[in-house]
Amino acid sequence: MNHITTKISVGAEKPFTLLHVSDTHLTLADGRDGERKVRLGEKRSRIFPDGMAALDEISKESKKLGAPIIHTGDIIDFVSRKNLEYAKKFIDENDVFFVAGNHEFSLYVGEAFEDEAYRNKSLARVQACFHNDIRFASRVINGVNIVGIDDSYYRFDKAQFDALKNEVRRGFPIILFMHCALYEEKLCLYNMKDKGAEAPYLTCPPDKALAGCSDYRVRQQKPDKITQEVTEYIKDQPLIKAIFTGHFHWDYDGMLTEKTPQYVTGLETIQTIEVN
Ligand SMILES: [Fe+2]
């Protein structure tokens, strides 16, 4: 895997290190989930052949550095017994703070429009494999609040907004971890022009960024009111010092606002974050 080191100064009581990774996309399936899932696993493993090796390397690096792992989602490519067992083993054997991605709740990849009702079909079963709440969680390390928030369907909800405001009230500097990056123009242009994507695949794109996208992508990515409110809150909140995301499978670093950097960590990358 590629190794990137990013230093951020947020006002920690004592320096510490985090390992940020994302999008491992395990593609394991066996007969317990039926023939259709086995075939899906075979097909998807041709796209994502390295999930288990990646987790192995991440685990070794974490133990070597004595640093917790922050995984921002899509550890599995689809819900299966074998994928969930493997993910659970990784979570149980390592120090992992986990934030859900869209694939955590994919029963079959791309089979359905992904919304709250679809997520709720597998949420309890997937959540049971992880130690923290995968839709919203916080962990304070050396006076810095690590906050994970699931925006993997390009949406925030009211419960997450309330929880985020509660974390801000605690007064610690915050590093936010999410699956999808928030819209910033440069990142959107990079994704759509340089990478050739058909839509922004960012949380809270403005109408101009969605112009020309299919109705399906507009319905999927156009923000609702609460998503807009949470996004503005994140941009304006001085305690939120940096944002780390995944979802794109490539690395990027940019600025969400003049003061808030936003990073994307790719699926072949271990991002070492040195926090002070
Ligand atoms: Fe994703």
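The model is predicted, so local features need pLDDT of at least 70 and side-chain atom pairs count only at pLDDT 80 or more, while totals for chains, interfaces and linings use all residues. Residues are numbered from 1 along each chain as its sequence is written, and side-chain values use heavy atoms, with hydrogens and water left out. Helices (H or I, at least four residues) and strands (E, at least two) are DSSP runs, numbered from the N terminus.

**Iron site**

- Asp74 (OD), Asn102 (OD1), His179 (NE2) and His247 (ND1) coordinate the iron ion at 2.1 to 2.3 Å.
- Donors here are N, O and S atoms within 2.8 Å of the metal (3.2 Å for Na, K and Ca), and since water is not among the atoms, sites may look incomplete.
- The four donor atoms subtend angles of 84 to 167 degrees around the iron ion, which makes the arrangement irregular.
- On the cut-offs: four donors are tetrahedral if all angles lie between 85 and 135 degrees; four are square planar and six octahedral if opposite donors are over 155 degrees apart and all others between 65 and 115; anything else is irregular.
- Along the sequence, the donor residues follow the spacing D-x27-N-x76-H-x67-H.
- Asn102 sits in the loop between strand E4 (96–98) and helix H4 (116–127), and His179 in the loop between E7 and helix H6 (185–194), so this pair ties together parts that are 77 residues apart in sequence.
- Asn102 and His179 are buried, where buried means under 20% relative accessible area, exposed over 50% and partly exposed in between (1.4 Å probe, protein chains only).

**Helix H9**

- H9 (residues 225–236) has twelve residues and reaches 17 Å from its first C-alpha to its last, close to the 16 Å expected at 1.5 Å a residue; the expected span is 1.5 Å times one less than the number of residues.
- Its buried residues are Ile226, Thr227, Val230, Thr231, Tyr233 and Ile234.
- Seen down the axis, the buried residues of H9 fall within an arc of 160 degrees, so they line one face of the helix; the arc is that of the directions from the helix axis to the C-beta atoms.
- Lys225 and Asp236, on the other side of H9, are exposed.
- The cover over the buried residues of H9 includes helix H5 (158–169), strand E7 (174–177) and strand E8 (240–245), with contact meaning heavy atoms within 4.5 Å.

**Helix H3**

- H3 (residues 81–93) has 13 residues and spans 18 Å from first C-alpha to last, close to the 18 Å expected at 1.5 Å a residue.
- Asn83, Leu84, Ala87, Phe90 and Ile91 are the buried residues of H3.
- They cover an arc of only 125 degrees around the axis, which puts them on the same side of H3.
- Packed against the buried residues of H3 are helix H2 (51–65), strand E3 (69–71), E4 and H4.

**Aromatic pairs**

- Rings of Phe, Tyr and Trp (its six-membered ring) pair if their centres lie within 6.5 Å; planes under 30 degrees apart count as stacked, over 60 as edge-to-face and the rest as tilted.
- That rule gives nine aromatic pairs.
- Phe105 and Tyr153 have ring centres 6.5 Å apart and planes at 80 degrees, so the pair is edge-to-face.
- Phe105 lies in the loop between E4 and H4, and Tyr153 in the loop between strand E6 (144–149) and H5, so the pair ties together parts that are 48 residues apart in sequence.
- Phe105 and Tyr153 are both buried.
- Phe248 and Trp250 make a stacked pair, at 4.5 Å centre to centre with 5 degrees between the planes, and both are buried.
- Tyr190, Phe248, Trp250 and Tyr252 form one aromatic cluster.

**Loop residues**

- Asn142 has a positive phi of about 45 degrees although it is not a glycine; this residue is in the loop between strand E5 (136–141) and E6 and is partly exposed, at 24% relative accessibility.
- His249, also not a glycine, has a positive phi near 75 degrees; His249 is in the loop between E8 and strand E9 (252–255) and is partly exposed at 25%.
- Ala12, in the loop between strand E1 (2–8) and strand E2 (16–21), counts as buried at 18% relative accessibility.
- Leaving aside residues up to four places away in sequence, Ala12 touches Asn142, Val144, Val275 and Asn276.
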